[in-house]
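Here are my notes on this chain, for you to read beside the coordinates. Please go through them point by point.

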Amino acid sequence: MLSRAARPALRAAVAAPARATAVGNNAATYATLREIEGRLKSIKNIKKITSTMKIVASTKLTRAQRAMTESRTYGQTSNEVYESAETAPIQTDEKKTLVIVCSSDKGLCGGIHSGMSRYIRRLSTEEPGFDLVIVGEKCKAQLQRTNAEGIKLTFAGVGRDTPTFADAQAIADQVVLLPTEYTDIKILYNKFINATSYEPTIIEAFSEEAIQQSPNFSAFEVDEEVLGNLREYGLANSLYWALAEGHACEQSARRNAMDNASKNAGEMIGKYQILYNRTRQAVITGELVEIITGATASEDM
């Protein structure tokens with residue numbers, strides 16, 4: 001049996017490893033607490049950014065919808081002329097199609113660009129052999145992996161702000177200068193359905209020969225010398241319509257994406273705040289246990 005003088009020394013020796021373990025766990029808990037606090041701060045900053053981007057997109061959406069309404073007058077008027085003339089693509093054995101894809105250079109707007117890229121990939125399996133003119137870096141980056149051999153012309157920097165008819169005219173000028181004579185020209189864009197939905201849609205932009213062979217085109221009494229100008233003007237009108245409507249879809253999709261991101265960030269903030277509070281309470285409880293244990297050991301000694 002140990003003497004009374006040896007008992008305090010034994011208790012101190014047994015308590016030492018326990019205190020060392022508690023200190024080690026405490027250090028780990030403090031590190032975890034700082035890590036949670038850092039993540040919580042990062043998520044709060046992200047929420048501030050996404051909320052601000054949502055406000056900016058909402059402001060731009062109003063201006064984009066106004067431009068979209070104005071652009072429909074241009075595009076739909078050209079389509080009415082073609083419908084009255086009963087214009088149709090030329091049906092030949094050596095058919096050559098050009099598809100103009102109207103996207104943009106900016107992201108953070110959901111799958112608005114991926115939808116058009118999927119449409120092109122599906123079209124390439126159904127009707128292979130067409131050429132591409134791509135407006136915007138997003139669809140260009142996506143289609144270069146699957147349709148690089150068909151890309152003949154690309155444009156960047158169009159639509160940074162609300163598209164204008166001058167932008168559409170500049171694109172139409174370059175398209176007309178392409179060396180290949182296309183029997184069929186299609187413009188792919190995102191059609192604005194409402195503030196939450198859109199769909200890839202095709203606008204037909206006919207070749208000069210197709211316009212000339214229209215059954216009712218003679219009723220318009222257009223000289224053959226200005227037929228090329230009419231074709232280019234109609235192409236610019238359709239491009240302006242497609243660019244403006246696609247821009248409105250982009251702003252709407254970005255607003256919805258930033259709204260969802262802000263909501264998700266808010267949910268994560270709530271979860272991390274609960275985790276932070278629980279971890280902090282565990283640290284305080286651990287410290288209190290150490291203080292009480294130390295005080296009890298001192299009294300026994």
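**Notes on the predicted model**

1. Asn147 is buried, at a relative accessible area of 8%. Buried means under 20% relative accessible area, exposed means over 50%, and partly exposed lies in between, with a 1.4 Å probe and protein chains only. Asn147 sits in the loop between α3 (137-143) and β3 (151-155). Leaving aside neighbours within four places in sequence, Asn147 is in contact with Ile120, Arg121, Ser124 and Leu132. Contact means heavy atoms within 4.5 Å.

2. Ground rules. This is a predicted model, in which local features need pLDDT of at least 70 and side-chain atom pairs count only at pLDDT 80 or more, while totals for chains, interfaces and linings use all residues. Residues are numbered from 1 along each chain as its sequence is written, and side-chain values use heavy atoms, with hydrogens and water left out.

3. Overall layout. The chain has six helices and five strands. Both are DSSP runs numbered from the N terminus: helices are H or I, at least four residues, and strands are E, at least two. From the N terminus on, the order is α-β-α-β-α-β-α-β-β-α-α.

4. Burial and surface. The chain has 301 residues, and 37% of them count as buried. Take contacts between residues at least 6 apart in sequence: 77% of them join residues at least 24 apart.

5. The main core. The largest nonpolar core has 25 residues. Such a core is a set of buried Ala, Val, Leu, Ile, Met, Phe, Trp, Tyr and Cys residues joined through side-chain atoms within 4.5 Å. Those with the most contacts inside this core are Leu98, Ile100, Cys102, Ile171, Ile187, Leu235 and Leu239. The elements that give two or more residues to the core are β1 (97-102), β2 (131-135), α4 (165-176), β4 (184-194) and α6. Helix α6 gives the most, with seven residues. Apart from this core lies another, of 12 residues, including Met116, Ile134, Leu143 and Leu188.

6. Ile187 and Cys102. Ile187 is found in strand β4. Ile187 counts as buried because its relative accessibility is 0%. Beyond four places in sequence, Ile187 is in contact with Ile100, Cys102, Thr201, Ile202, Ile203, Ala205, Leu235, Ser238, Leu239 and Ala242. The C-alpha atoms of Ile187 and Cys102 are separated by 7.4 Å, though the two are 85 residues apart along the chain. Cys102 also has contacts with Met116, Val135, Leu188, Tyr189, Leu239, Ala242 and Leu243, among others, with neighbours within four places left aside.

7. The cavity. How many cavities of 30 Å³ or more does the structure hold? It holds one. On a 1 Å grid over the protein atoms alone, a cavity is a set of points where a 1.4 Å probe fits but cannot get out, and lining residues have an atom within 4 Å of a point. The largest cavity has a volume of about 120 Å³. Volume here is the space filled by probe spheres set on the points, with grid points joined across faces, edges and corners.

8. Its lining. The largest cavity is lined by 15 residues, and Ser103, Ser104, Gly246, His247 and Glu250 lie nearest its centre. The elements that give two or more residues to the lining are α2 (112-126) and α6 (227-300). The largest share, five residues, comes from α6. The lining divides into seven nonpolar, seven polar and one charged. Ala, Val, Leu, Ile, Met, Phe, Trp, Tyr, Cys and Pro count as nonpolar, Asp, Glu, Lys and Arg as charged, and the others, Gly among them, as polar.

9. Two lining residues. His247 is in helix α6 and is buried, with a relative accessible area of 5%. His247 and Lys60 are 187 residues apart in sequence and 9.7 Å apart, C-alpha to C-alpha. Ser103 lies in the loop between β1 and α2 and is buried at 9%. Ser103 touches His113, Met116, Val135, Gly136, Lys138 and Cys139, not counting residues up to four places away in sequence.

10. One backbone check. Leu108 lies in the loop between β1 and α2. Phi of Leu108 is near 55°, a positive value in a residue other than glycine. Leu108 counts as exposed, at 57% relative accessibility.

Technical notes. On a 1 Å grid over the protein atoms alone, a cavity is a set of points where a 1.4 Å probe fits but cannot get out, and a pocket is an open set with protein on both sides within 12 Å along at least five of seven lines; lining residues have an atom within 4 Å of a point.
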